[in-house]
Amino acid sequence: MKTINIIDSKNHVGETVQIGAWVANKRSSGKIAFLQLRDGSAFFQGVLVKNEVGEELFDVAKNLSQETSVLVTGEIREDTRSKFGYEIGITGLEVIGESQNYPITPKEHGTDFLMDHRHLWLRSSKQHAVMQVRNELIRATYEFFNDRDFIKIDPPILTSSAPEGTTELFETDYFGDPAYLSQTGQLYLEAAAMAFGKVFSFGPTFRAEKSKTRRHLTEFWMMEPEMAFVHQDESLEIQEQYVAFMIENVLENCAYALDVLERDTEILKKYTQLPFPRISYDEAVELLQQNGFDDITWGDDFGSPHETFIANHFEKPVFILNYPKSMSPFYMKPHPTRDDVVIRADLIAPEGYGEIIGGSERAVGFDYLLEQIEKDGLDRKDYEWYLDLQKYGAVPHSGFGLGLERTVTWVCGIEHIREASPFPRLLHRIYP
Ligand code: ATP
Ligand code: MG
Ligand code: MG
Ligand code: MG
């Protein structure tokens with residue numbers, strides 16, 4: 001007999017198959033029992049009829065507790081009443097692993113309780129849907145950049161310097177010297193782009209975010225492309241194409257998950273229409289001031305209410321261009337005609353999801369960069385290697401970073417970024 005995954009049911013209608021699964025839920029009357037089965041690929045219903053399977057097996061099924069693991073056999077049939085569309089008529093059932101007093105019941109639970117039981121909470125249909133979307137975003141990311149001949153480069157996670165400032169750094173001991181968990185692969189990727197032209201990294205980054213927000217994890221995955229001979233305009237086109245491509249693929253391949261999440265797919269479709277609007281930082285500040293935000297002046301970083309207002313105003317992801325130099329990292333290219341702004345762009349998602357991408361054209365010029373490093377109070381000897389890039393055939397180049405969990409949160413339309421990571425790390429949360 002064939003062993004299949006629930007998701008493959010459509011290819012086995014009328015066949016008798018075997019499935020290994022967990023009992024997510026159960027209903028029974030005197031004559032018929034319905035098991036909601038979960039095998040990781042999907043959820044569907046198993047049906048046992050007492051007259052068909054006999055009293056003994058029916059009693060076993062009737063007494064199954066939540067999350068008991070089972071091996072069931074039976075015939076796959078269409079089930080037009082369910083969203084999934086198929087079910088299994090169970091004729092054989094073997095208990096594999098008992099489950100007693102499973103703590104997460106179909107009742108409501110508080111967030112702290114669920115977070116303490118994250119290792120079990122992951123089994124719920126909603127969390128399953130979120131992880132399916134996350135997986136699709138990762139898959140689409142590799143497809144997009146591989147199709148464009150980018151080389152994947154893995155920058156180090158242990159680093160000796162801190163280009164983004166030291167306040168959000170995790171420090172560790174490296175044989176007696178301080179080392180830091182990487183906040184971004186940025187500078188290493190620039191070196192890689194000078195070696196390989198178009199590169200991307202996709203890996204974990206770490207920031208000791210000390211405030212509680214719905215958008216910040218202390219460990220998150222970032223997608224960072226870096227491209228030699230590419231100016232900011234071209235980089236923005238690649239960014240919007242990439243975002244639209246991810247959303248198209250989620251719409252195409254995760255319809256069931258989006259349905260479980262009750263995500264409005266018409267809204268998502270709008271986000272695949274290019275180009276995304278572009279406004280300057282100056283215009284964004286003006287727009288906010290004209291709309292009653294008196295807590296923002298030129299030179300301030302946007303807070304969450306500001307970003308939310310701007311992107312909702314356009315009902316699409318929006319690029320904000322040319323931020324003040326005073327609030328931007330040292331490696332961003334200065335504007336050619338204005339010395340107060342840099343060639344930077346943030347992509348802000350609508351619906352209150354905030355910044356999805358931060359990117360810029362990178363500064364070129366040994367003297368300029370050395371001056372910025374010294375101005376920022378960074379130790380020159382940590383950056384000699386980076387300055388070397390300026391000595392041996394420096395070229396214009398651009399890059400950006402997209403936060404995976406931010407994107408998952410947005411595409412899924414969920415409230416909080418903690419559900420976008422399988423085992424989220426947050427302020428005061430490193431268990432489980
Ligand atoms: P924010 O302004 O939201 O704090 P940032 O400007 O500090 O973000 P960047 O350094 O530009 O972030 O990093 C690039 C991307 O990484 C961001 O656009 C966002 O998608 C994601 N990101 C940044 N910090 C976090 C975090 N703490 N948790 C999850 N994702 C993050
Ligand atoms: Mg930040
Ligand atoms: Mg930001
Ligand atoms: Mg940013």
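Predicted model: local features only at pLDDT ≥ 70, side-chain atom pairs only at ≥ 80, totals over all residues.
User: What pLDDT does the chain average?
Analyst: pLDDT is the predictor's confidence in each residue, from 0 to 100. In this chain 99% of the residues score at least 70. The model also scores ipTM 0.99 and pTM 0.96. The average pLDDT of the chain is 96.

User: How many helices and strands does the chain have?
Analyst: Helices (H or I, at least four residues) and strands (E, at least two) are DSSP runs, numbered from the N terminus. The C-alpha trace spans about 85 × 55 × 40 Å along its principal axes. The secondary structure comes to 14 helices and 17 strands.

User: What distance separates the centres of domain 1 and domain 2?
Analyst: The bounds come from an automatic or database domain assignment. Domain 1 covers 2-97 and domain 2 covers 119-419. Taken over C-alpha atoms, the two centres are separated by 45 Å.

User: Which element gives the most residues to the shell around ligand 1?
Analyst: A residue is near a molecule if its C-beta atom, placed from the backbone, lies within 6 Å of it. There are 17 residues around ligand 1, and the closest are His216, Phe220, Gly358, Gly401 and Gly403. Two or more residues each come from strand E12 (219-228), strand E16 (354-361), strand E17 (397-403) and helix H14 (404-412). With 5 residues, the element that gives the most is E16.

User: How many nonpolar, polar and charged residues are in the shell around ligand 1?
Analyst: Ala, Val, Leu, Ile, Met, Phe, Trp, Tyr, Cys and Pro count as nonpolar, Asp, Glu, Lys and Arg as charged, and the others, Gly among them, as polar. On that basis the shell has 6 nonpolar, 5 polar and 6 charged residues.

User: Why is H14 largely enclosed by the rest of the structure?
Analyst: A residue is buried if 20 or more other C-beta atoms lie within 10 Å of its own, exposed if 12 or fewer, and partly exposed in between, with C-beta atoms placed from the backbone. Among the buried residues of H14 are Leu404, Arg406 and Trp410. H14 is largely enclosed because the buried residues number 9 of 9.

User: Which residues does Ser201 contact, leaving aside its neighbours within four places in sequence?
Analyst: Ser201 is found in strand E11 (residues 198-206), and Ser201 is buried, with 24 other C-beta atoms within 10 Å. Two residues are in contact if their C-beta atoms, placed from the backbone, lie within 7 Å. The contacts of Ser201 are Lys152, Ile153, Asp154, Pro155, Gly185, Leu189 and Glu224.

User: What is the phi of Glu315?
Analyst: Most residues other than glycine have a negative phi, and most peptide bonds are trans. Glu315 lies in the loop between helix H11 (304-314) and strand E14 (318-321), and Glu315 is partly exposed, with 13 other C-beta atoms within 10 Å. Its phi is positive, near 55°.

User: Where is Glu351, which has a positive phi although it is not a glycine?
Analyst: The phi of Glu351 is about 65°. Glu351 is partly exposed, with 14 other C-beta atoms within 10 Å. Its place is the loop between strand E15 (344-349) and E16.

User: Which residue does a cis peptide bond join to Pro432?
Analyst: Pro432 is in the segment after H14. The bond has an omega of about -5°. The residue joined to Pro432 is Tyr431.

Terms used
Residues numbered from 1 in each chain as written. Chains lettered and ligands numbered in written order.
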